[in-house]
Amino acid sequence: MKRQQIVAIILVLFIAATSVVSFVPAVLEVISLRSGSRGEDVRLAQERLKKWGYYKGNADGIFGKNTFNAVKSFQKKNGLLVDGIIGDKTSKAMGITLNGSPTPTKATAKATAKATPTPAKAKATTSGKSTAKSNATPYISLAPAAH
């Protein structure tokens, strides 16, 4: 009888341990937006980038090539790691949280004030419309980096 109880306890502990091990990576995963990401977080980032002159397209919530290039331009102008990924540092500089909502009012005002001084350079065209240009150099990171 004691042997069966010990085996049952070991089995329960084993099941519990494997459940915890499979849960931990999901908890530790850092939220970031990158090429291929979709949703409200992407749309919000696109709206901010468009407001500051980095993004020219519609805020459609799809992180494509134009969003990638806009993020890299924003990162370069704001002294961040230029990798085209919106991670922790880039999202803070943009004044957004990565859950589809803007940060609280005071934090948004502070982050916006910090990010606003370095908008994309605008150049007047013959049609009188302004176009933003970036001197960003393409950068591809093969190693994980802190965002």
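**Ground rules.** I number residues from 1 along each chain as its sequence is written. The model is predicted, so local features need pLDDT of at least 70 and side-chain atom pairs count only at pLDDT 80 or more, while totals for chains, interfaces and linings use all residues; side-chain values use heavy atoms, with hydrogens and water left out.

**Salt bridges, count.** I looked for salt bridges (a side-chain nitrogen of Lys or Arg within 4 Å of a carboxyl oxygen of Asp or Glu). The count comes to 3.

**Entry on helix α4.** I looked up Asp88 and found a salt bridge to Lys92, with the closest N and O atoms 3.3 Å apart. Both residues lie in helix α4 (residues 88–94), where their spacing of 4 residues is about one helical turn. I take helices as DSSP runs (H or I, at least four residues), numbered from the N terminus. For accessibility I use relative accessible area: buried is under 20%, exposed is over 50%, and partly exposed is in between (1.4 Å probe, protein chains only). Asp88 has 39% and is partly exposed. Lys92 has 55% and is exposed.

**Entry on the network.** I then noted that salt bridges with shared partners join Glu40, Arg43 and Glu47 into one network.

**Entry on helix α2.** I went through the pairs of Arg43 in turn. With Glu40, the side chains meet in a salt bridge at 2.1 Å, N to O. Glu40 and Arg43 both belong to helix α2 (residues 40–51) and sit 3 residues apart, about one turn of the helix. With Glu47, Arg43 forms a salt bridge whose closest N and O atoms are 2.1 Å apart. That pair is also in helix α2, with a spacing of 4 residues, about one turn.

I checked the accessibility of each partner. Arg43 is partly exposed, because its relative accessibility is 24%. Glu40 comes out at 38% and is partly exposed. Glu47 is partly exposed, at 38%.

**Entry on Thr67.** Thr67 is placed in helix α3 (residues 65–77). Which residues does Thr67 touch, not counting those up to four places away in sequence? I list Gln46, Tyr55 and Ile62, taking contact as heavy atoms within 4.5 Å.

Note on methods: Helices (H or I, at least four residues) and strands (E, at least two) are DSSP runs, numbered from the N terminus.
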